[in-house]
Amino acid sequence: MGMSERKKLTRFSIAASLSASHHKAICKVDYPAFDWPQAVFPRLKYPLNENVVENKREEATCLAGVDAVLTQRKAEGRPVACVIVEPIISEGGDLHASASFFRRLRKLVKAHDALFIVDEVQTGVGTTGYMWAHESWLLDEPPDMVTFSKKMQTAGVYLRCGLFPDIPGRIGNTWMGDPTKLVMACEIAKVIRRDRLLDLVCLSGEELLKGLQLLQVCW
């Protein structure tokens, strides 16, 4: 019975992951998925300082699209439970949005009584100069949930008070609570603090940006 229940949970987890993903159609071929909606992420034009008006219009259009989806689903009697967003769309391209966009998105999602989930699997653990990329948005209210993986050598989620299940076993995965992974994650956090790696990321990023800007002028 235990194995049977675990298989059911695993299948549901896979179905949920595929339903939330819109990266590659081939990943969903011949596999049932939930009818979960997708909203358009802004596609900003560069250089940013030369396309301020157009980029503001693009972000406003995308926010209106999110509002339309949430409103429609609510009218259909199947309201959206949560909105998941990546700070930077990495595998689907190299797409960024302004901090203002994310602040307005956070307020919009809350207005529709949905949870705001930030997927920091790609951007978390220091790659943007912040431990978590969403810190740069200066949100009035933090995300309801944040997911992480990869660079922490383990997968996990942290969430705001009041959302954690009061019954053990509601959240779980195959390697949940693996002591070796927890030790590795703690050591990674220590090294980031000890060696001031976030500062190093910022300095390295500035040098890289200068080099890219020089190439832009030359070519």
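Predicted model: local features only at pLDDT ≥ 70, side-chain atom pairs only at ≥ 80, totals over all residues.

Skipping its neighbours within four places in sequence, I listed what Phe116 is in contact with: Val83, Val85, Phe102, Leu105, Arg106, Val109, Trp137, Leu139, Pro143, Asp144 and Met145.

Next I looked up the largest nonpolar core, which has 29 residues. Which of them touch the most other members? My list reads Phe41, Phe101, Phe102, Leu105 and Phe116. I then checked which elements give two or more residues to this core, and I found helix 2 (52–75), strand 1 (82–85), helix 3 (99–111), strand 2 (115–119), strand 3 (145–148) and helix 4 (179–194). Helix 3 gives the largest share, five residues.

Then I went for the second largest pocket, and I wrote down a volume of about 870 Å³. It is lined by 29 residues, and the closest to its centre are Tyr46, Leu48, Ile88, His96 and Ala97. Helix 2, helix 3 and helix 5 (197–218) are the elements that give two or more residues to this lining. I noted that the largest share, four residues, comes from helix 2. Sorting the lining by class, I got 14 nonpolar, twelve polar and three charged residues.

Last stop, cavities. How many of 30 Å³ or more does the structure hold? I found one, and the largest cavity has a volume of about 30 Å³. Leu70, Lys74, Pro79, Val80, His112 and Ala114 line the largest cavity. That lining divides into four nonpolar, one polar and one charged residue.

Terms used
Residues numbered from 1 in each chain as written. Heavy atoms only, no water. 1 Å grid on protein atoms, 1.4 Å probe; cavity = no way out; pocket = protein on both sides within 12 Å on 5 of 7 lines; lining within 4 Å. Points joined across faces, edges and corners; volume = space filled by probe spheres on them. Nonpolar A, V, L, I, M, F, W, Y, C, P; charged D, E, K, R; others polar. Core = buried A, V, L, I, M, F, W, Y, C linked by side-chain atoms within 4.5 Å. Buried < 20%, exposed > 50% of the residue type's maximum accessible area, 1.4 Å probe, protein only. Contact = heavy atoms within 4.5 Å.
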